[in-house]
Structures are given as C-alpha cells and as structure tokens.
Amino acid sequence: MADTSVPKALEGLAISKTKELKGTEKRDTLIEIEKRYQRKWEEEGVFEVDAPSTDEFPLGSISPDELREKYPKFFGTIAYPYMNGRLHAGHAFSFSKIEFNTGFARMQGKRALFPQGYHCTGLPIKASADKLVKEIEMFGREFERYKEEEEVEEAPVAAKAAKEDVTKFNAKKGKAAAKASKVKYQWQILHSIGIPIQEIHLFADPQYWLQFFPPECKKDLTNFGARIDWRRQFVTTDANPYYDAFVRWQMIRLKELNKIKFGKRYTIYSIKDGQPCMDHDRGEGEGVLPQEYTALKLKVLEWAPKAAEAIKGKIPEDANVYLVPATLRPETMYGQTCCFVGPTLKYGVFKASEKEYFVITERAAKNMAYQGIFEKEGVIEQAAEIVGSDLIGTKINAPLSFHKEVRVLPMESVLATKGTGVVTSVPSDSPDDYAMVTELAKKADFYGIKKEWAELEIFPIIQTPTSDLLAPYLVKKLKIASPKDAKQLLEAKELAYKEGFYQGVMKVGDFKGEKVEVAKPKVREQLIKAGEAFAYSEPENKVVSRSGDECTVALMDQWYIDYGEDSWRSIALDYVENKDGKGLNTYSPDTQHQFKGVLNWLKQWACARTYGLGSKLPWDPHFLVESLSDSTIYMAYYTIAHWLHKDLFGREKGKGNIEPEQMIDEVWDYIFCRRDLSDDILEKSKILKETLEAMRREFEYFYPLDLRCSGKDLIPNHLTFFLYNHIALFPPEYWPRSVRANGHLQLNGEKMSKSTGNFMTLDDVVKKYGADAARVALADAGDGISDSNFVEDVADNTILRFYTNKEWIEETLKDDKLRTGELNSFQDALFDNEMNALVNEARKHYEETSYKLALKAAHYDFLNARDTYREACNAAGIPLHKDLVMKYIRLQALILTPIAPHWAEWVWLEVLKEKKSIQFALFPEVPAADPSLSAAREYVKTTSSNITSAEAAQLKRMAKGKQSDFDPKKPKKLTIFVNESFPAWQAKYIELLNEVWDAKTNSQKIDDKELNGRIGKMGEMKKAMPFVQALKRRLKDGEPAESVLSRKLSFDEKATLLAMVPGLKRAAGLASVQIVVIEEGSKKGKDLTNNNEEVEVKAVVAEVAVPGQPSFFFENV
C-alpha cells in the first residue's frame, strides 16, 4: 500500500493557501458530464485532423494556397512543457490561449490542428536523476535512513534591480522563479508532488522520467478538455529515433548554411557539470548573459605594512603583483585618483603565471581560470589571503592616469559578488567615486588614512554639454551629502553615464576630440596591447545550475549558432516589424518591442553540451544538442509525426510504415518543401512515393504555423530562436504567422509559489472545480502581456452559474405556458436584438483573441440579458416566448463552446437533441443588431436605473427639509416627464459635431483636445461637454449619424415608456405611473397614459427633461 503520510520535512508544502470548498454536489454533477463527453470525444477521434488527401487532390494538381482557400485550416501550438514534473496552473493559462483559439477556429469551419509533444532534452532530468542516485546511496531505497534535519531556510528574494532594460528580461516568474522551497532533497520534491515513497527510486533512471510524466501530462490536458490531436505526440531526445533523425537533419542543414560555427566565445559555465549552462539548465538566472569588462593591471609599488606581512614568503620576490579592478569605462582611466577595496572583504593573491599574481576575490579567480587568463587552464592557485582593510594605503601604479602613483582606499559598498572586488576610482566622471573621496578627505582619521591620499587633483577628461567635471557637478546639483545617499547617487550615476557616453567628447589622451562612444573601444585596445589590461567576463547576475553549482563564465571552444549575424538579423527584424502586414503578428506593441530589443542584443548561442539528455551532434557525437537548439522548428515535425510512429518513443511504426533509418536528410528536405522528389531519394530511402507525397501534403497544408503561444519569458531565447531557425530553413511562405506572448499567472492576486502554499497544479484545479469552471476562470484571468490573475472565486461561482443555468433550462422547457406565435415589439424584440448583438460582439472578441471580453459577452452578458428578459416579462405579466428561449439556449451553447465545451455539449446533445457533437458546429450567423432596438434597450436600462436614483434623491431632499409631501411608505405615483424637443442652446454643438464627425468611418476627424478647445470657446462648457459626449457615445454604439446629428432618437421614446409602465409598477411598487409630454418653456403637458389629456406641470424637475433623458417626480396618491 502506498505511503500517504506527510513527513516532517514536507509539512511546509502540505499547507495550502488556496480556497477551501464547502459543498461539491453541483460540481460533481458537472464533472460527471465532462467525463462523459471527454470519453466520447476520444472514442470518436473528434480532434484528429488531417490535410485533404492526395487521393482526393493529387500533389501538384492544386497549390497549397488554393487548397487552404478551399479547405481553410488553423495550426496552433504552445511551447512544449518540460517533463520533470506535473503541469501547473501557469502552464494551463498558456495552454488556454491556444485551446480557445483552436475551438473558435473549428467554429469558423477550419481544420484546426492542436498537437502536443514533450520536452525532455537537456540537464534538468539527468541532474535530478543523478541526485537521486546519491540520495539512495545515502538514505536507502525508500529513504528509511533519512533523519529529520533542521528546516532549510527559504532562499532570500533578491532585491529588485533599480533599473531594468525592458528588452532584456531575466525571468523572475517563469520556470526559474519560485525555486525557493522548504525541501532539500530530490526525493522530497518528488514525494511532495504525489510520488509514493516506494516508487521514487525508479526516477534514478533518467529514462523513467520520460515514461512517467508525459502520460501524466496527457491525462491532465485530457481532463481539461483540450482539443489535442494525440496521434502526433512524441518525446524529444534520442529516446525517439524519428525525432532524433529530425534534429540531426536540422543541425546538419544549419551547419551547411554556415549558421553553426566553431570557435572561442564567452559562455555561462558550470565548473561542477563541466559544460556550458544554458537557460533551461538553470535553477536560477534564466536569461542572464556574460558581461564583458576591461580588467586593469594596477601594479603594486609599495605594500601597506599588514599586506606586506600577509604575503611575506608566499610569492617569489621578483614577481609582480597587481590589484585588478574590472571596469566598463576604460576611456575614463585617465582620471584615476585612487583604488577602492571593501575593508571587510577577503581577497586572494592568485597565481596568474610564474611572475604575475592578481589580488582579486575568489569568485573572480574562478571566472578567470576558465578564460585563458591564468597560465594553467582551470587551475586556481591561491598564494595568500588578505583582508581588504590590510590593503589600505598600498601604493599602486595607475595606467593612463595623470597620477601615475595612487593609493588603495576603503569603500564599504564594494561587493564581492560584482566584478573582482577591486574598484578603480575616477571622481571626475563617477558620482559614487566623487562622493566617496570627498567623504574620505573629510574624515581621514576616522577611516585610518592620510588625508592627502584622497585629495589628489581631479582632472577634467571628458567634455559634456553640462560640464567637463560632470560627477562633481551632479553631486552638488542633487545635494548629495555622503556616499550613503543611495537614491540620489543612483540618479546621478544614470545621468552621468548617459551624458558622458552618448554626448561626451574626449579632452585628453591619444583620442582627444573624438566622441566617447568612438574612443572607448580604442582606449581599451590600447591598454590591452600595452599589457596593462585584459578582457574579463562574468555572469551579469547570479546563475545557479540545476545541479546546484554557482556558474562562472568560460572562454571556450564550442559549437554555436551565430544568432545576431547581420544579414540573418536584418531579415528577422524586418519580419518582426511587419510593416507590410505580411510579417509576424505579435498582437501587442509590447511583444513586438521586446522581440526587436532581443534581436538587437542577442548574439552567438552555444548549441552543444556533453552532459544531459538529447540528440548527438552529427559531426561531433561526443556532444549533445542543447535543449533550446533542438526545440526551434519541431512544429514542422508535428505535421507528419503520426505518419512516422504511433507511440511516444517511436517504437511502433506509424501509418507510413517507415523505419527511422529511412528518414535520411534528403527525405526531410523533400517533405519540408526544400527540394523536389527524385529517383535518387526514392532509391536511397526505400519509402514509397505515395507515402512521401502524403507527408509533404500534410506539411504544406498545415504550414505555416498560424499561432505560437508562450509566456513572455521565452521571448529572449526560445521564441527568438524559433523565428531565426524558420527563416534559415524554410521558404518565406512557411515562416510563422503570429506569436502571442502572455504574462505570468498569479493565483488569487498573489504570486504562485510552492513554498508559500499559493500553488495549484492543473490536476488540482480541474479536480477542485471541474474543467469548464477552470477554463472560464482562465479566460477571465486576462489576455495581455502583463501578469494575469486566476481567481478561485470565479471558478467557484462559475460552477453555480452553470448548474443554475442547467436547472433553469430543464425547468423552462417543461413549462407548457410558454408563448408562441409572433414576437411582441417590446420585451421580445429587445431580447432578440440583444442576443444578436452579443453573438456578434463575442465573435469580434474571439477573432481578436480577447478571451476575457469574449467570455463577458458570451457568458455574463448573455445570462444578464436572459434575466432582464425574464424580469421584464414577469413584470408585464406575460410568459416567456418559446422561440426566444430556444434561441437563447442554442446561441449561448454555441458562443460558449470555445471556452466551456463540456457544458455546451450537454446542451447541444441532451437538450437540443442534435445528432453530431457541438465540436463540429459553426459559430452562429445572426443579423446585425438593430441600432434603434439597441438604443431602446439601453434607454430602458438607463431609465430604470435613473428612476431608482431619482427616488433616492427625492428622499434625500426630504430629509434635508426641502420637501415634506412625499412618504415612500405610502402608495406612490411616479410622473415621467418627456420632452420631444432639444433645448435651443444645443443647436450650435450639433452643428460642430456635424462638421467634425465622419459618418463613413464612424470616427472623429480631429482629436479630442482640439474638439474640447473649440467647445470651450463657444461658452456653456459645463453643460455642453456632457451633451457632446453623450452624442458621441450614441454614434460609436452604431446609431445612424443622420438620426443622432439631426437631433432625432433612433427609437420611439413615448412608445417605449408606455411599454415599460407595467414593469415599472411591479418593480418599483408603484400605485400608478403617469407619462407627461412637455414643451420647453410651457407649464402645460399631455398625459400619454390618459388619452393625451392636457395637464398642468408643477414639478420643477420637468424642466430638465430632454429627448432620451426624461425626468422623474414621485408623490403619494
């Protein structure tokens, strides 16, 4: 029997902050319906989609474009999930975007393909399996020797960077985020996600992960109701020989195109793993790149006494020792006045060669050891250790500086985690440095230094528009009093860098008169050639591999893909910019901006590693293709996967009856439209011509990919690689059509995190709320690139709404008193028209992939329209009309199908008794909404609301003693005053709007600022603005311009009010309702409710009535 207890080490993970459900009967009823239809869809192969066959349309007899026009298609995919765990709610959010799109595409009559594979390449699975091997050795097969340890503290959250480049975003909420957890061992992690203790040992074999998690992923998505063609599923790596052949073909062709190259380059590197650590191999630091510095060699001329003692006898007497600061601004070295160290930091004296030693931090030494800087590659030899405070006063040589000899001084803010722990000081151009040397000079005794060490002359070296001593100028201007004024110093630093670099001109040195941005690389090269500096690189932020190793930067020979190469990047940028409308649709300017930013900085990418899972590099098989390089064009593989194999691993041949060995490179070229078929290919591959043509048909019909969905954290790597590789390997007509990047998903308004208990897997969500309620909550969560929010209350309330709607449908259809015959002109006509409007509104939002708004129209507003109709009929004392009840049931089922297919299927098959699944139904075609009926409907809603407000306002006046003749507890009479003529003052504003409104485009010819200015000059601004805004709203809502601007209502106001009377009486508890038509300036009116009898008008409120905006007066009867 499986162990179900929760060990102490896992107790923190067992605490959930998610919502607790009270009763589940309604949910269970809906889930039973969902399971029934999921089985039916699977049995009937509802989501299995194929291209038109070559038997029906022989290859070449019709072009791909003509075939797609005859049989429209949609092909959408999500970045396949990594198989080291269960899918969580964040995965489901990205899945939902393709899922809803696929559902709507089917309803547009398209052959909609949504396939799904499983990513297994790379380090994470292998590293986790290796950890388990060690843990089993330590604790036993079932970890019986494990003893409870002290709780492992959660890793602190790094402070947010003061400024972030929006085009370079280091994922904080993606796969690499929320890794902090209260568990220490791999077996604990597996146990926490539900793996029984007795089975965990199986995961010590990395191949077992591939067997276990993909079926779980399929089960979770099936339970979610995903419209996936499961015939096309596969795992990556050489575990599937067909996919392995596909990846090898891809790499060979990229190398032939000179996109893959070999050479020395900086890369993030794990010393422990002995290989590069790319994005998906990281537990922390996804998106972090190498940062290259200029490392200066500041030769020690005279040691401070304690430092001299620390190194005595530990290095050769004739050796040179250098303090080595790392700088991003070598052009400022002319202005060095001192060198800073952290007084509490520990420094090593590391051997670079027989006669050279560097004073740097151990972290810097680890980086240098793998960059060809030390004489022995990968060897770190520390001769001595010195505390920073012991270095203070050491005299050193400063290359290029006007001061050839400077001193080492203290600076508390120097970090061991940035650069080398040694910082050279240029107070002319660095506000931090100027503030520090000023402080040191003021408090020399306090810091234990000689005052003159901090008072060397500050020479101007760069002229900017503001000053040639920019740092002192900014420190004074921003009133920075000490180095502790961090906020002001940060502002000063940004201002100094931008102005100095982009607008500065060199005043000194060999490049005097040149712009700083031109001179900078020249000064760097000069220093390096003179042997006074060298290139040094380190990770721009902390990176930790999944094996737990803090990574360095290595300069190493490696195979890399030459992303960023000028001509390749230029094509990609043009495609992303999409100026002709034929490029990449990114749905959002933010997404396009981030793509362009990444394309402008992304450079070479290591595409091979020696450790992990994957396909072997064809020409260098001791290397494996890394995980972000074998997953760039696999969408093409989906088109033919079912022809190659029936199972995940390619152990059973697919419908093409093809062996993996038959998939030679030329076959892939032919299938993917890179070459024509030849006798040579047929002879070498031994694949039937008919089979090859059928596979090519699948590709050229479904490609290009219509939509790629992913979290925005993949723009800096996967999504950009995906574009680059398609551009390199396929003709332009097969390049991706669109990418939809979504934000991350919060849960109940907070970041999802296992460590805090605010976390749900997809399985958790579906079991707790059912598939449709989960899908509704995901649609409701949001659509933009900013973070969205899954609210459990939405899912919980959806259960009630669906269940209540189900009951109402069942009960209403049993009602034999429903009306039949012609629809009436009020309640029926308004409801019928509103349903038409909502159907067309939902269609528009689905087309724009705005699912939150589509849900509002299809679900919330549709329910509200029905409820309003019920209330209106009930108030009028008439039954609902049967035809409209049936129309409501049918239309809502159809327009909710993309989001809530199970509930819709129940309505379709069990209520409407349709023969075929709603998954094959088309989106309903309904007449366009009648603007006059829409206006009347809006008028009814507004008037009803205004009547309630008017009574409240009248009661408020009574409470203040302004009225004493109305008692709301006694029988009430409501008088509604209607004016058929607009006030004379409005004419000139109507004339203005006539002038600036374009009736053809239904838009304003001038901007709001200009319009408001013109209104302001005409007087009566206070009452004119609301009047003009109301007219504009009517125009934008579709009312004909000729009606609005001729000052006519598009509906009969008097008839509408008369039709409202029975409902108003019942809803507001009125004894009587009187409708009086008045004219401006007259004290007489006509009573519509009494044969137009003339009545005297006494109520002051009558004067404010205008067409479309009646006024109201309550009194007792």
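Mentor: Two strands pair if DSSP finds at least two bridges between them, and a strand here is a DSSP run of E with at least two residues, just as a helix is a run of H or I with at least four, both numbered from the N terminus. The model is predicted, so local features need pLDDT of at least 70 and side-chain atom pairs pLDDT 80 or more, while totals for chains, interfaces and linings use all residues. Residues are numbered from 1 along each chain as its sequence is written, and side-chain values use heavy atoms, without hydrogens and water.

Trainee: What makes β10 and β15 a pair?

Mentor: Strand β10, residues 338-341, is joined to β15 in the parallel sense over four bridges, and at least two are asked for, so the two strands count as paired. Within this pair, F340 stands opposite L409 of β15.

Trainee: How do you know that β14 pairs with β15, and in which sense?

Mentor: Three bridges join β14 to β15 and the two run antiparallel, with I396 placed opposite V406 in β15.

Trainee: Why is β15 called largely enclosed?

Mentor: Buried means a relative accessible area under 20%, exposed means over 50%, and partly exposed lies in between, all with a 1.4 Å probe and protein chains only. Five of the six residues of β15 are buried, so the strand is largely enclosed by the rest of the structure.

Trainee: How is L400 classed, buried or partly exposed?

Mentor: L400 has a relative accessible area of 21%, and is therefore partly exposed. This residue lies in the loop between β14 (395-397) and β15 (405-410), and L400 has a positive phi of about 75° although it is not a glycine. N1092 likewise has a positive phi, near 60°, without being glycine; its place is the loop between β34 (1084-1087) and β35 (1093-1096), and its relative accessible area of 44% makes N1092 partly exposed.

Trainee: What joins Y703 and P704?

Mentor: A cis peptide bond joins Y703 and P704, with omega about 10°, and P704 sits in the loop between α24 (689-702) and β25 (707-711).

Trainee: Which strands make up the open sheet of four, and in what order?

Mentor: The order is β4-β3-β21-β22, with antiparallel pairing. The edge strands are β4 (275-276) and β22 (605-606), as each pairs on one side only. Strand β21, residues 552-561, pairs with β22 over two bridges in the antiparallel sense, and I561 stands opposite W605 in β22.

Trainee: Which helices each supply at least two residues to the lining of the largest cavity?

Mentor: They are α2 (25-43), α27 (771-781), α28 (792-813) and α32 (901-911), and α2 gives the most, with three residues. The lining includes L30, I33, E34, Y769 and W903.

How values were computed: 1 Å grid on protein atoms, 1.4 Å probe; cavity = no way out; pocket = protein on both sides within 12 Å on 5 of 7 lines; lining within 4 Å.
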